[in-house]
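Trainee: Before we go through this model, I would like to know how its features are counted. Could we take them one at a time?

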Amino acid sequence: MRKPIIAGNWKMNVLPGQAVELVRRLWADISGYDAVEVVVCPPCVDLPAVSEFMRSGDIRIGLGAQNMHWKESGAFTGEVSPTMLLDLGATHVIIGHSERRQLFGETDQGVNRKVKSALSFGLVPIMCVGETLKQREAGETEGIITGQVNCGLFELGPEEVPTVVVAYEPIWAIGTGKAATAGDAQEVTGMIRSVLSGQFGQQAAESVRIQYGGSVKPDNVSEIMSMPDIDGALVGGASLEADVFARIVKFS
Ligand code: PEP
């Protein structure tokens, strides 16, 4: 049985005090509700304040970073290492978000290094994959997603894969208000599970949680979550308001 996981990606949007306030309001709405694993991913500089607030208030929400370097330390100006994230209280890390791939040149090989590193340090990687509108219209979705999954998880063992969360985020649906239909999202997430099965065997594939991301809102989340191969959501804009995000978390 795969426990659904719903994560909020706050991108470069909230100062530490605002992040703490968002968590405080979110927890007020969702404490006692444990049907879903909830994770928030504030900007890196917010992690210490949020982590301390969660610890002191016994707030059981996962804390994710939005990116990391794969090395533990070294001459990598501007980067943050997995051990630094752990020290700041992070439990999860988003890897290969389309904004990082498109705006900062992240490659599948880099994503693979980061996924392997996150696992080796005990962080849960949320690995994002997704096609552009042009690729979808050219009928390339299956090839693109298969390549991203195969490369991103290259050389992982079948025992490691169930810890990974894969987020299917069609780029054309991110921040546009135009979510994929539940049927289209299922088609691709089902295909991702088949790819995982081919790569790691059916048992491992069945235990991987696959999220959908792209304009998830309170009014479309239930239909999306009702799909057999969708085990959660990665939510951008709608996670920035505590009451709206809480309605998404309590979708059922
Ligand atoms: C995202 O950036 O991961 C995302 C899904 O954004 P939004 O929910 O705003 O489309």
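Mentor: Rings of Phe, Tyr and Trp, for Trp the six-membered ring, form a pair if their centres lie within 6.5 Å. The model is predicted, and side-chain atom pairs count only at pLDDT 80 or more. On that basis, the number of aromatic pairs in the structure is 1.

Trainee: Which ring does the charged end of Arg113 sit over?

Mentor: A charge counts as over a ring if CZ of Arg is within 6 Å of the ring centre and within 35 degrees of the ring normal. Arg100 is one case, over the face of Phe104 at 4.4 Å from the ring centre. For Arg113 the distance to the centre is 4.9 Å, and the ring belongs to Trp70.

Trainee: How do the strands pair in the barrel, parallel or antiparallel?

Mentor: The barrel is closed by 8 strands in the order 1-2-3-4-5-6-7-8. From one strand to the next the twist averages 25°. Strand 7 (residues 209-213) and strand 8 (residues 232-235) are joined by 2 bridges, and Gly213 has Leu234 of strand 8 as its bridge partner.

Trainee: What angle does helix 8 make with strand 7?

Mentor: Helix 8 packs on the sheet and touches strand 5 (124-129), strand 6 (165-168) and strand 7. The angle is taken between N-to-C directions, from 0 to 180 degrees. For helix 8 and strand 7 it is about 150°.

Trainee: And helix 11, at what angle does it run to strand 1?

Mentor: Helix 11 (residues 242-249) lies across strand 1 (5-9), strand 2 (37-41) and strand 8. Its angle to strand 1 is about 160°.

Trainee: Is Glu155 buried or exposed?

Mentor: Glu155 is in the loop between helix 7 (141-152) and strand 6, and its phi is positive, near 70°. Lys11, in the loop between strand 1 and helix 1 (16-30), also has a positive phi, about 50°. Exposed means over 50% relative accessible area. Because the relative accessible area of Glu155 is 58%, Glu155 is exposed.

Key:
Residues are numbered from 1 along each chain as its sequence is written. Side-chain values use heavy atoms; hydrogens and water are left out. Rings of Phe, Tyr and Trp (its six-membered ring) pair if their centres lie within 6.5 Å; planes under 30 degrees apart count as stacked, over 60 as edge-to-face and the rest as tilted. Two strands pair if DSSP finds at least two bridges between them. Helices (H or I, at least four residues) and strands (E, at least two) are DSSP runs, numbered from the N terminus. Contact means heavy atoms within 4.5 Å. Buried means under 20% relative accessible area, exposed over 50%, partly exposed in between (1.4 Å probe, protein chains only).
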